[in-house]
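Thanks for coming. I will take one structure today and go through it piece by piece.

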Amino acid sequence: MKQRYLIFPFLFISILIAVFTISGCKKQEYIKTGKVKPEKRIAEFQVNSIYPRIIKLYKDTVYILDVDFERNAGEELIIEEGTLIKAGSRPLANLGNVNPAQGSVTINTGGVIIANGSLSEPIIFTSNGLKGSQGINWGGITLQGKSTNNDNAAAGDASDFSGSLIYCRIEFAPLTLRGVGNTSTFSHVSVSYTDRNGLSAFNIYGGTFNASNLISYACAGPADFYITNGYTGKMQNILAYRNPFFGSTGSAPLNALTGIFFENNLYNPVNARPFTFPTISNLSIIGPDSQNGATATYSSFDTRASAIVTTGSSCFNIRNSVFMGFPKACWILDDANTAGAIQNRVITISNSIFQANDTTRVFYLEPNAYPPYTSIDFKNFILAPTLHNREASKIADFSFKNLFNYNEPGLLPAETSPVFSGADFKDIFSDPFFNPVGNVGAFGKEDWTKGWMNFTPLKTNYNFPE
């Protein structure tokens, strides 16, 4: 195996926020939260330093999360639709930013979170920083379930229930799911503007949960979706959408800048069981293309900067997907075991479209990773007729309408787009979980982000007087 080196993140988010604000596309008005509501610290629920077994949050109050809040076995956190939770102390008067005591939510093994928002009233976890000053990120949300994790719980409870996140926005912090079981529910969840100690937006360590309609937007860390430690669930309608001003390598995963990163186990890739082996349909990875102001890391040959990275004996079945917009590569494969599984059809990516600005590296097999095969052999294999994959030469081939308006992205392609042909839901993708839509990628004729997603949290006033 190739030795990996830690590259520390060098993103200065406050500078990039200024660049983003200056360079962003114009829009007449941004999301507002209405009249100012009363605020309450979540820490106030404590009685003699003990939290009640069940805590309920209601939309008529805004909650301040300035502690590391946990739910343990037998305890629940229930959040009403439309509720706003802001992390961090009140903004510092002289800096316009939040106090470094940031806060986090952790659902430990046996604890439960029920955060079921709705299309018109999503649940929002965001920073307590003033509009345009949310540069210091908070700790995010972590769920620790009892399901399988090939680091330490290969025989976990696949049907474990850790809760549900439905129509939830998580802004300026990551979501981490560790060993979460398949009775848990994740649907219409977004994670945006993540930069927490070099972590990714969605950090998935094992587990068997299924998920649909997930968004990673403007992730500043190494991966939008980091999938490892034996995750075996199903996913559909997944969007990883990079903003050009944000992005640097970090610690999890190492030496990468990518939309989705697969590995079996960082420390024991060959022997760890169960194998990382998700089944994913209608995934869209959208890189920064060649937009002005894009961080140089996206174009670096010294890091794994691409739409997808597969390594460390990872397994996967992906279909009906789109990988596009990364300057130097589309798919990087640097592992002999993964390459062998691809060659032997143990794992597949099929009925999908691939694009990178550097057309010589759309399919990049690390030299000497799988001798005697080369990147040309890799490309010829993936584009063989039996897999029904296609290569696009440029972003314009997809016929998206105003895709790079970062205030209000045009995610729906024109009817002439190639995404409206080639979808296939046979064999394992005929599972009832999957909706057999007529498009590849996460978007066809329906923009499922409308009504609940906010692409401009930096410009949103969250319960501050105007």
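Predicted model: local features only at pLDDT ≥ 70, side-chain atom pairs only at ≥ 80, totals over all residues.

Start with the overall make-up. The protein chain has three helices and 27 strands. It contains 466 residues, and buried residues make up 60% of them. The chain exposes about 17,700 Å², with carbon and sulfur atoms supplying 53% of that area. Now take the contacts between residues at least 6 apart in sequence: 73% of these join residues at least 24 apart.

How many residues does the largest nonpolar core have? The count is 103, and the residues with the most contacts inside this core are F323 and W331. Strand β17, residues 234-241, contributes the largest share of the core, which is five residues.

I will stay with W331 for a moment. Setting aside residues up to four places away in sequence, W331 touches a list of residues that includes S306, I308, T310 and F316. Further along the chain, W331 also touches I342, I349, F354, V362, F363 and Y364, as well as F378 and I382. There is also a second, separate core of nine residues, and among them are Y205, A256, I332 and Y364.

Now two single residues. The one to look at here is Y217, in strand β15, which covers residues 210-217. Is Y217 buried or exposed? Its relative accessible area is 0%, and the cut-off for buried is under 20%, so Y217 is buried. Leaving aside neighbours within four places in sequence, Y217 is in contact with V191, S192, Y193, Y241, N243, Y406, M453 and F455. In the case of Y406, the side chain of Y217 reaches the backbone oxygen at 2.9 Å. F455 is 238 residues from Y217 along the chain, yet the C-alpha atoms of the two are separated by 7.6 Å.

The other residue is S118, in the loop between β8 (112-116) and β9 (123-127). Beyond its neighbours within four places in sequence, S118 is in contact with E81 and Y167. With E81 there is a polar contact of 3.2 Å between the two side chains.

That leaves the charged pairs. Side chains of opposite charge can pair when their charged atoms come close. The count here is twelve salt bridges, and I will show some of them.

In one, the side chains of E121 and K59 meet at 3.1 Å, N to O. E121 lies in the loop between β8 and β9, while K59 lies in the loop between β2 (54-57) and β3 (62-65), so this pair ties together parts that are 62 residues apart in sequence. E121 is partly exposed at 25% relative accessibility, and K59 is partly exposed at 29%.

Another salt bridge joins K394 and D397, with the closest N and O atoms 2.9 Å apart. K394 is partly exposed, with a relative accessible area of 44%. D397 is also in the partly exposed class, at 26%.

Then there is K450 with E408, where the closest N and O atoms are 3.5 Å apart. Both K450 and E408 lie in the segment after β27 (390-391), and the pair ties together parts that are 42 residues apart in sequence. K450 is partly exposed at 45%, and E408 is partly exposed at 39%.

Salt bridges can also share partners, and here R319, D424, K426 and D427 are joined into one network in that way.

That is the end of the walk-through.

Note on methods. Residues numbered from 1 in each chain as written. Heavy atoms only, no water. Core = buried A, V, L, I, M, F, W, Y, C linked by side-chain atoms within 4.5 Å. Buried < 20%, exposed > 50% of the residue type's maximum accessible area, 1.4 Å probe, protein only. Helix = DSSP H or I, 4+ residues; strand = E, 2+ residues; numbered from the N terminus. Contact = heavy atoms within 4.5 Å. Polar contact = N/O pair within 3.5 Å; in protein donor to acceptor, adjacent residues only side chain to side chain. Areas by Shrake-Rupley, 256 points an atom, 1.4 Å probe, with all protein chains shown as cover. Salt bridge = Lys/Arg side-chain N within 4 Å of Asp/Glu carboxyl O.
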